[in-house]
Amino acid sequence: DVPTAVHNLIRAMKRIQESLRLWSYHQATPEQVSDCYMQFGVEFNVIVRAFEGYDIPTSDMHAMPARLRTTLEDCLGEDPS
């Protein structure tokens with residue numbers, strides 16, 4: 001179900017955002033942010049399969065998780081602020 005998959009992906013992205021906000025205040029650990037990223041990866045894979053089930057091209061989306069991971073690693077490598 002594409003609408004549910006989109007909703008869940010958006011919710012996972014918001015969890016990453018919130019975990020980063022908490023991390024910046026020393027209220028979340030890098031591991032907690034990583035856990036949110038892992039859930040994003042799960043939801044991302046669900047949405048790719050849902051889109052492909054309707055023949056919606058997804059090739060331009062495949063690099064997103066890796067780019068996000070690199071950005072998160074760079075961010076978490078800094079001091080929270």
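Trainee: Where do phenylalanine 40 and phenylalanine 44 lie, and how many residues apart are they?

Mentor: The general idea is that an α-helix has 3.6 residues a turn, so residues three or four places apart point the same way. In this predicted model, phenylalanine 40 and phenylalanine 44 both lie in helix α2, four residues apart, which is about one turn of the helix; helices here are DSSP runs of H or I with at least four residues, strands are E runs of at least two, and both are numbered from the N terminus.

Trainee: Are phenylalanine 40 and phenylalanine 44 buried or exposed?

Mentor: A residue is called buried under 20% relative accessible area, exposed over 50% and partly exposed in between, with a 1.4 Å probe and protein chains only. Both phenylalanine 40 and phenylalanine 44 are buried.

Trainee: What aromatic pair do phenylalanine 40 and phenylalanine 44 form?

Mentor: Rings of Phe, Tyr and Trp (its six-membered ring) pair if their centres lie within 6.5 Å, and planes under 30 degrees apart count as stacked, over 60 as edge-to-face and the rest as tilted. The structure holds two aromatic pairs; the one formed by phenylalanine 40 and phenylalanine 44 is tilted, with 5.9 Å centre to centre and 35° between the planes.

Trainee: How many helices and strands does the protein have?

Mentor: The protein has three helices and zero strands, and from the N terminus on the elements run α-α-α.

Trainee: What should helix α1 span?

Mentor: The expected span is 1.5 Å times one less than the number of residues. Helix α1, with its 23 residues (residues 2-24), should therefore span 33 Å, and its end C-alpha atoms are 33 Å apart, which agrees. Just after α1, histidine 26 takes a positive phi of about 60°.

Trainee: Which residues of α1 are buried, and what covers them?

Mentor: The buried residues of α1 include Val2, Leu9, Ile16 and Trp23, and their cover includes α2 (30-53) and α3 (64-76), where contact means heavy atoms within 4.5 Å. Across the protein, buried residues make up 31% of the 81 residues, and residues 24 or more positions apart account for 65% of the contacts with a separation of 6 or more.

Technical notes. Residues numbered from 1 in each chain as written. Predicted model: local features only at pLDDT ≥ 70, side-chain atom pairs only at ≥ 80, totals over all residues. Heavy atoms only, no water.
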